[in-house]
Amino acid sequence: MSRVLLLVLFALLTACSRGPEQQALETELRQRLEQAFPADSLSLVTLTRRGSASDASAGPDEERLLVYFDAQLRVERDLDFGSWDSPGVASLVSALGAGPRGIGGIESGGNRQGDVLLAHGSLIYQRRDGAWQAVAPQGFSLPRAPQASNASSPREALVAAIGTALNLSPGGTGSAARKVINEEVERSLTNIQGRLGRLQNGYPLAGGPESGQYASFARAMSQALREQGLNILPLTTAGGIENLRLLRAGDAVLALSQSDTAHLAVAGSGPFAQDGADLGLRALASLYPEPVHVLVRADSPLRSVAELRGKRVNLGLPGSASRDTALAVLTAHGLSVDDLQRQGELDLQQALGELRDDRLDALIQVIGYPADSIRAAAEDFAMRLLPLDEAAIAQLERERPGSFAYRLPRASYVGQNEALPTLAVSSLLLGTRQLTSQEVEQLVSQLFARNRQWLQYGSVQGSQLVPGNAQRGLGVPLHEGAEKALRQLTPASPPAG
């Protein structure tokens, strides 16, 4: 028995000693922090290695290693990690290869010189020519897509039952008929969830696709506000356009959507032309920026959006606000859907897989950064972000209220060495005039509470909630309850002179 224990201990020690030396780890981490933040902003106090493991996603001829560590960082000058316009939490998690819950010490409203941050991080190293080289932070991966199974899910069984009830052929039917049934089942289940939520004195919140940033933030918001006695029920939806329709129909009480799309709903234009103007729509707050991401493979020859002509480009899910903005981005660069070789309608995770496998040349996505799906995909293949043309950005600002020029801070993603010119919209929390002023005031006050630890709820985007930005890029009228709450949260400016 003792011999077996010694062998196990030897194996563990061998595993822990694999990979780069301690000094190499410290040097790599310091370089990443220096790349992400202004000089003399953060210093590495201690770094303790916590083991390593082989990278299961490595290719057959690759030797890759995941190295885990604990780090202690000192803030050398005042820093606001929730800032929209300078490197913040997004750059920190990307530099450290940490999940949101892996970072402690971030203070809502800004950190002060001398504060200490704690991080559980990781790096990926690859052995090349006998030496270990860092290739990417490990970060955190989204769950892998489930493998096909012979067992039917409850939803599949429901689809089959509906097919039977409609006297369709066994097995539902053909792909077109099954698509119709799936869409109607999805819509009905969302409506049922929303109505049940109201019966339980809760706030049904129209979020987004299960793997998207809206869904992630909605879950974090639900968890955070539940502790304050507020019952938020996140709903899985196709995205911002559907969310606004659910809100207008009364099937949701709260909704997340892009500021430019919300303005179109108020104006009754664009995708809402047949719906008419939604004059009851109200903003509760602007939450965090959602930049336009135009992604290509790192080895792609493409350098600008205009070069997407004749290429295979994913524009996003039908019914999503991101897709509507993506189409506007193409137009501002002198392109239309007809100019593309093929336009995709995939969600972000699926599109990243197609980009990795060289079945897409590019994808356009409007999403809060750093997007979980993009970080996870970056472990499998290298990507690059394309800048938007400055003239196109100016045109989009003029034509789409609620959008604004934005520079994605450097190091928001691994390998992004410079700030990137792009367009951004605000992620808005929206409601209607049916919400009372008292309800909205309570919701907004709790959302922006100074002691709210959004990273511990798994949301990098939540850490970007700042009262000073809560009315940035609204594009729609502000609810009177939100206006009252924000006046109390935002200190009055000192008198001039």
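How much space lies in the second largest cavity?

Guide: About 70 Å³ of space lies in the second largest cavity. First, the ground rules. This is a predicted model, in which local features need pLDDT of at least 70 and side-chain atom pairs count only at pLDDT 80 or more, while totals for chains, interfaces and linings use all residues. Residues are numbered from 1 along each chain as its sequence is written, and side-chain values use heavy atoms, with hydrogens and water left out.

A cavity is a set of points, on a 1 Å grid over the protein atoms alone, where a 1.4 Å probe fits but cannot get out; lining residues have an atom within 4 Å of a point. Points are joined across faces, edges and corners, and a volume is the space filled by probe spheres set on them.

The lining consists of Arg32, Gln35, Ala36, Ser94, Ala95, Ala411, Tyr413, Val414, Gly415 and Gln416. Helices α2 (22-36) and α3 are the elements that give two or more residues to this lining. The biggest contributor is α2, with 3 residues. Helices (H or I, at least four residues) and strands (E, at least two) are DSSP runs, numbered from the N terminus. By class, the lining divides into 5 nonpolar, 4 polar and 1 charged. Here Ala, Val, Leu, Ile, Met, Phe, Trp, Tyr, Cys and Pro count as nonpolar, Asp, Glu, Lys and Arg as charged, and the others, Gly among them, as polar.

Domain 1 (22-140) and domain 2 (241-489) both supply residues, so the second largest cavity lies between them. The domain bounds come from an automatic or database domain assignment.

Look next at α3 (residues 89-96). Its 8 residues are buried, 8 of 8, so the helix is largely enclosed by the rest of the structure. Buried means under 20% relative accessible area, exposed over 50%, and partly exposed in between (1.4 Å probe, protein chains only). Ser94 and Ala95 are among the buried residues of α3, and both line the second largest cavity. Just after the helix, Gly97 takes a positive phi of about 65°.

Other cavities give context. The count comes to 3 cavities of 30 Å³ or more.

Next, the cores. A nonpolar core is a set of buried Ala, Val, Leu, Ile, Met, Phe, Trp, Tyr and Cys residues joined through side-chain atoms within 4.5 Å. The largest has 52 residues, and Met221, Leu254 and Leu447 touch the most other members. Helix α6 (residues 213-226) provides the largest share, 7 residues. A second, separate core has 32 residues, including Leu42, Phe69, Leu96 and Ile103. Leu96 is also one of the buried residues of α3.

Contact means heavy atoms within 4.5 Å. Beyond its neighbours within four places in sequence, Leu447 is in contact with Phe217, Met221, Leu225, Leu287, Leu429, Arg452, Trp454 and Leu465.

Val440 sits in helix α13 (residues 437-447). It is buried, at 0% relative accessibility. Leaving aside neighbours within four places, Val440 is in contact with Leu284, Leu435, His479, Gly481 and Ala482. The C-alpha atoms of Val440 and Ala482 are separated by 5.8 Å, although the two are 42 residues apart along the chain. Ser437 is also in α13. Its relative accessible area is 18%, so it counts as buried.

Two loops carry backbone details. A cis peptide bond joins Tyr369 and Pro370, with omega about -10°; Pro370 lies in the loop between β12 and α11 (372-377). Asp129 has a positive phi of about 55° although it is not a glycine. It lies in the loop between β4 (116-128) and β5 (131-137) and is exposed, at 84% relative accessibility.

Finally, the whole chain. It has 14 helices and 15 strands. Buried residues make up 51% of its 497 residues.

Note on methods: 1 Å grid on protein atoms, 1.4 Å probe; cavity = no way out; pocket = protein on both sides within 12 Å on 5 of 7 lines; lining within 4 Å.
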